[in-house]
Amino acid sequence: MGNAMRSVVAFIPSERCQRFLVGDLKEMPLDRTLDLSSRQLRRLPVAACVFSELVKLYLSDNNLSSLPDDLQGLKKLQLLALDFNCFEELPAAVCRLPQLSILYLGNNRLYSLPRELRELTELNTLWLETNCFTVFPQVICELPNLKTLHLGYNQIQSLPRELGVLEELRSVWIAGNQLAAFPPVLLEMHFLAVIDVDRNQIRYFPCLSHMLGLKLVIYDHNPCVNAPVVGEGCRRVGRWADSSDDEQEDDGSKAAGDTTLEVTEVHHEEEHNI
């Protein structure tokens, strides 16, 4: 009954109805965190944008498709969670948050990113999983401090060579896309620690043993005929992951045809924390 009532109230723009959905937003939260997730919101109350000292703002799991320009007044905001909403375009105000370091945009309807995103020079974590991207958003290559990139479950077929300029990047999660080959640019990024290419269409994996910083490679659910060779201390998740490279070479043909082979599944989750 509560959710049904909220759904009805969300359509009514009166101040009284907004207080029912989000509470009485008059005082700055002591922890400088405002959580308005799962409120059935169709618009963000302007009252939420007056807290200039706000550091974290959670708007996950609503019905938002736009944000007011007043949002850009949150100059100290470091974390913004917009996942599980209805955004088809990234609101311009988001690109005017100079201290933003973590941005969650997963499970929306995005198919491109604005050039203005490059203004977020402090951004180090970007989640874009489960959207509508068919081409890698080139502007990502202009985020100099990016450390973690989640682009899983889109329809991307390749990664641009320009991605290699992101020397701070450590984790690339691109599971569930349409990669037909292992992206060559990743072979040049020796500083990567995590590569996830699970659930793509990769048939052959090159040697990754030269990537000395690599700690985890997830390549499960690909129609591959081999496992990637990795350096000492790197964990593999996929077919033949528990076999030595010599055993893989001897038995690879037989294993490739074994459709009943059990593989390890890894589910990676990250909390919305700084």
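I shall discuss the aromatic pairs, then the core, one asparagine and the cysteines.

Please note that this is a predicted model. A pair of aromatic rings is described by the distance of the centres and the angle of the planes. Three aromatic pairs are present in the structure. In one of them, Y104 and W127, the ring centres are 5.4 Å apart and the planes stand at 55 degrees, so this pair is tilted. Because Y104 belongs to strand β4 and W127 to strand β5, the pair ties together parts that are 23 residues apart in sequence. Y104 is buried at 2% relative accessible area, and W127 is buried at 11%.

For F205 and Y219, the centres are also 5.4 Å apart, but the planes are at 65 degrees, so the pair is edge-to-face, the angle being over 60. F205 sits in the loop between β8 and β9, and Y219 in the loop between β9 and β10, so parts 14 residues apart in sequence are tied together. Both residues are buried, and together with F182 they form one aromatic cluster.

I turn to the core. Beyond its sequence neighbours up to four places away, I140 touches residues including L113, L126 and L166.

The loop between β8 and β9 also holds N200. N200 is buried, with a relative accessible area of 2%. A polar atom of its side chain lies 3.2 Å from the backbone oxygen of D198. Further along the sequence, N200 is in contact with H221, N222 and P223, among others.

Finally, the cysteines: C141 is buried at 9% relative accessibility, whereas C207 is partly exposed at 39%. The structure contains zero disulfides.

How values were computed. Residues are numbered from 1 along each chain as its sequence is written. This is a predicted model: local features need pLDDT of at least 70, side-chain atom pairs count only at pLDDT 80 or more; totals for chains, interfaces and linings use all residues. Side-chain values use heavy atoms; hydrogens and water are left out. A disulfide is a pair of cysteine sulfur atoms within 2.5 Å. Buried means under 20% relative accessible area, exposed over 50%, partly exposed in between (1.4 Å probe, protein chains only). Contact means heavy atoms within 4.5 Å. Helices (H or I, at least four residues) and strands (E, at least two) are DSSP runs, numbered from the N terminus. A polar contact is a pair of N or O atoms within 3.5 Å; within protein, one must be able to donate a hydrogen and the other to accept it, and residues adjacent in sequence count only if both atoms are side-chain atoms. Rings of Phe, Tyr and Trp (its six-membered ring) pair if their centres lie within 6.5 Å; planes under 30 degrees apart count as stacked, over 60 as edge-to-face and the rest as tilted.
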